[in-house]
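Please open the structure in your viewer and keep the selection panel at hand. The tour goes from one whole chain to the place where two chains meet, and ends at a single residue.

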Amino acid sequence: MSRTRTGRAQNARFIGTSPFGERAAVSRYTLQNGLTLLILVDRTAPVISYHSWFRVGSADEEQGKTGLAHFFEHLMFNETTNRSQGEFDSVLESVGAENNAATWTDWTMYYETFPKKALPLVVELEADRMRNLVVREKQVNSEREVVMNERRMRVEDDVEGYASERLYALAFKKHSYRWPTIGWMRDIKRYSVHDCQAFYNRFYAPNNVTVVVAGDVDEEHVVQLVNKAYGRISPATVRRPKRVIEPVQRSERRETVRLQSSSERLVLGYKSPAMHHPDNVALSVISDLLFSGSSSRLVHRLVNETELCTSAYGSVSPFEDTGLFSAWLSMRPGVAAKKAEKIVNEEFRRLQREKPSEAELEKVVNRTELAFFQSIDSISARAEQIGFYETVLRDPNHAFARVNQCRELRPETVREVASRYLNADQRTVIHVVPESRS
Amino acid sequence: MSRRPAISAVHISKLRSGARVVVQTDKMLPIVEFCLAFDVGSHADPPGFDGLANLCAQSIRKGPEGMSAIAFGERLESLGAQLGVQVNARTTRFRLSVLRRNVDAAIDLLTEALQSPAVRPSDLSKLKRRLCANIASSIDDDQWIGLQQFMSTLYGAHPYARTVTGSVQSVRRIKQQTVLAFIRRHYSQSRLVFGAAGDIDHDEALALARRVSEGLPSRKIQTPKIPAVPAIKGRRVVIVDKADRTQTQLFIGGLGSRTRDRDLFALRVSNTAFGGSFSGRLMQAVRAERGWSYGAYSHLLHGEERAPWYMSTAPGIADTVDCIDLQLAMAEEWVQKGITQQELNASKQHLIESRVLDYDTALHQLGAQMDVALSILPESQVVDFESKTRAVTRKDANHATHSRIDPKGLVIVAVASADALLPRLEKLPGIASIEVATVA
């Protein structure tokens, strides 16, 4: 199929295409002001998903102003010089759009999914708030209360949320991953209008965003709309703070916290490689081998066989820098966490001694493949994958490469990676004890 | 050419066995999502045996005779398959996701489990212990506790008050023979709805459905009838006391709609304007203007008999009583004065225009069609959604609100530290009773 790019959008430069699986491709454009535009034509449903991924997250904040990236995400739904307070949401609802946003350590993203005829409106709204947001004291005060309530819901009244916050605070001494994305409550209470305006000016610029448009679109039409809406916005000098390299951890760190909880919990965090590191994929496979499915090693032993835990799961941080491989264990009421910890240590050592069998590895790879396809089962999900991998790894189609890397993994590599990372001197442990037992 | 935006007709095939089959083909990705549903749920739990339907489904999930539970799990997972069970008041659904290349092998395993479930005493005991441990742990989830208390207070002895999981006492009471009898009674050919979405053709799905259903018993039994729900009088407050909470999980509501109510669409439009969207009154007043809660929505459910209507918010402890006061006043004004024409238009437009997002994948389309096949929704509510919504007038919407929602007969549940709330709560208008419940 020939692709004609007429160049009517003079500011938009076509860079190239890259395959998205076997049946689709992502087209890349760059505007003169540095905005990156990725387009996936996908006619499986008459909808479009529009994502804006900004390269700023909580790790780019400074001490004393933690949580500002997330707080600012809230403010982005307020008035602009062209739209009154509340108009952004009401206009989108009137065209049948669903919209939301998310902030994490390395990025902040905004999205809308909507019937295809609403595309011109969505492009206009997104460009408008990227450049013309009005930051007023009233909205700052109101959103401050909202975010404080969000923190209460996610952290202060939530056992897992609190334990997770303690884990990162203890595991990282220098790197800005040590503070929570929602921010410390003391910092949230102190944001000023000036803080918010400065943050906006510093990070919300066309040369700091990737716009992803996926769905039932005409590529040239998208380029024209985006160029028209964003083309005149000047780039900014985006100064992302230099990340401090976390010193190598040389001994275990451990903390006990007493919370209102029905049972003991244990969270173990081992330093894990960044997303771009070749070991990251192997560590994800290890996490699945140990925790994914009822027949996985630790779920079988902890939940089914010994009945020590109500649940056991693992994850690997999808971060730009060194993160954590985390294991989360919820004990049955009355059961001591140290029993489960002993089994975890046994299984980690076993993995370090003996490579998994080909059959076990194939099981994990098959489940990874299933999970991957489930993760791209809608237009919105595909847009999200593209935006995430472009932002963190500069490769919008990396999700497919990652599945292939899983398929090619050798059992011996699994053993080597386990030996490199799953060691007690590189881990941080948070032990939650029910308050009544203090 | 892109797919049609709405479901214009529901296609249900019926097998000779009485089983029904629904298929949504989409070959974009090499996976298939199966949903094998039976029209039996927690409403069929005999009194005192709450959690039986759930326990039976979980038992089937452990696999067939002649294969250990671990071997069953291992074999499924090796195929790149994932099997989950979902039980609600009306239905039990076995959800099987599998790579295209392993469809036959995965369906064979599930078929064996459904046709000859092992239900070994050792597995059953283990399962019961696990479910009881999960029930005991659920007290850590304030939202879950609040919603359970709300349903229990609103419905009392009515079946809608029962939880799907049951209680520790009721689960412990269940014996192997009870489980086997329940499975034999309810898991029959005519009660099966076989759904498939993804990389699968209609004929292949029919063949698989035949394989599953023909090995099931052919018994036909009636689904239990749900009795009518008595109205509640006065405003009943229940504080679920949890110490040291910084925030209250708040549920305020009463009886809502039945699926067969002629004014369901009108009430849905009205509720959307009141609290069913971000631009709705409730979110704007509670969150946008005052910052009192991260979320503030009103939920309109419908069922065979009157399902609940309720508002959910989560204010800080210091703002809780003011928030309750505000929500009660807003509910009263909504019922008395209704919604404006502008609100009506916005609400209708939102519901109609966003409908396409409800059906943007084969799996979503399958879900809607299965609800029709299971008689949870009449077909007209799916295929005529747009025209029925468009036809709602302001008079219809306000009349429905006035008829169905009673702001004087409400349940107010607060999961919070009781000491912090009690003195001020007693002064709120129309409070008939205040009870403090402890977390079990």
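Predicted model: local features only at pLDDT ≥ 70, side-chain atom pairs only at ≥ 80, totals over all residues.

Residues are numbered from 1 along each chain as its sequence is written, chains are lettered from A and ligands numbered from 1 in the order in which they are written, and side-chain values use heavy atoms, with hydrogens and water left out.

**Select chain B.** Shown as a cartoon, chain B has 18 helices and 14 strands (DSSP runs numbered from the N terminus, helices being H or I of at least four residues and strands E of at least two). Its C-alpha atoms fill a box of roughly 65 × 55 × 35 Å along the principal axes. The radius of gyration of chain B is 23 Å, which agrees with the value near 22 Å that a compact globule of 440 residues would have (taken over C-alpha atoms, the rule being 2.2 Å times the number of residues to the power 0.38). Of the 440 residues of chain B, 59% count as buried, that is, under 20% relative accessible area, where exposed means over 50% and partly exposed lies in between (1.4 Å probe, protein chains only).

Highlight B:Met28, B:Glu77 and B:Tyr294, which supply 13% of the area that chain B buries against chain A, more than any other three residues.

**Zoom in on A:Lys363 and B:Glu74.** Their side chains meet in a salt bridge at 3.2 Å, N to O (a side-chain nitrogen of Lys or Arg within 4 Å of a carboxyl oxygen of Asp or Glu). Between chain B and chain A the count is six salt bridges.

**Finish at B:Glu305.** Is B:Glu305 buried or exposed? With a relative accessible area of 7%, B:Glu305 is buried. This residue is in the loop between strand S11 (302-303) and strand S12 (308-313) of chain B. Not counting residues up to four places away in sequence, B:Glu305 touches residues including B:Tyr160, B:Ile226, B:Arg258 and B:Arg260.

Conventions. Buried area = accessible area lost by both parts, 1.4 Å probe. Contact = heavy atoms within 4.5 Å.
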